[in-house]
Amino acid sequence: MKKLWILALIALVLVGISACTFIEKNVKSVVKITIYDEKGQTYGYVTLMLIDSTGKVVVDDQANERGVSLMEGVPAGTYTFMVKNAAQIELQVLSPQNIVVRPGKTSTIDLKVQSAAAPPSYE
């Protein structure tokens, strides 16, 4: 009888560990990103996308006038960035190249981009 109780206890612990691991992997996170240009000035009103390892856009958002984007509900994982200005010109990301989002955590990122050259004038 004692062996049966020990086996039942071990099984219960293993189920609990598995459930905790499953829950942790599925808890969404928050990513707060402030976008700066190469001169260190905030870069507002840009579209920011988090791209997963398959190239899929997982989350996208519009940064406010201060260059801040608050992305909620981000799944845990490793992401790269794509940034486009108001004219939909893709901006080169200078740093960081990628981020790791942990489950249930808030990540604060300072993202540095190369500002786009002004389009040519045809006057």
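Because the model is predicted, local features are reported at pLDDT of at least 70 and side-chain atom pairs at pLDDT 80 or more, whereas totals for chains, interfaces and linings use all residues. Residues are numbered from 1 along each chain as its sequence is written, and side-chain values use heavy atoms, with hydrogens and water left out.

Strands are DSSP runs of E with at least two residues, numbered from the N terminus. Two strands are said to pair if DSSP finds at least two bridges between them. Strand β1, comprising residues 29–36, pairs with two strands described here. With β4 (residues 68–74) the pairing is antiparallel and extends over six bridges; within it, valine 30 stands opposite glutamate 72. With β8 (residues 106–114) the pairing of β1 is parallel and extends over seven bridges, and isoleucine 33 faces isoleucine 109 of β8.

Strand β8 is also joined to β6 by three bridges, in an antiparallel arrangement. In this pair, valine 93 stands opposite valine 113 of β8. Strand β6 (residues 90–95) pairs in turn with β5 (residues 77–84), in the antiparallel sense and over two bridges. Lysine 84 has glutamate 90 of β6 as its bridge partner. β5 and β6 form a hairpin with five residues between them, and glutamine 88 in the turn has a positive phi of about 65°.

A nonpolar core is defined as a set of buried Ala, Val, Leu, Ile, Met, Phe, Trp, Tyr and Cys residues joined through side-chain atoms within 4.5 Å; buried denotes under 20% relative accessible area, exposed over 50%, and partly exposed in between, with a 1.4 Å probe and protein chains only. The largest such core holds 21 residues, of which Ile33, Ile35, Phe81 and Leu111 touch the most other members. At least two residues of this core come from each of β1, β2 (47–51), β4, β5, β6, β7 (98–101) and β8.

Contact denotes heavy atoms within 4.5 Å. When residues up to four places away in sequence are not counted, isoleucine 35 touches Gln41, Thr42, Tyr43, Val46, Leu48, Ala63, Gly67, Leu111 and Val113.

Serine 95 lies in strand β6. This residue counts as partly exposed because its relative accessibility is 32%. Apart from neighbours within four places in sequence, serine 95 is in contact with Asp110, Leu111 and Lys112. The C-alpha atoms of serine 95 and valine 113 are separated by 7.2 Å, although the two residues are 18 residues apart along the chain.

Methods. Helix = DSSP H or I, 4+ residues; strand = E, 2+ residues; numbered from the N terminus.
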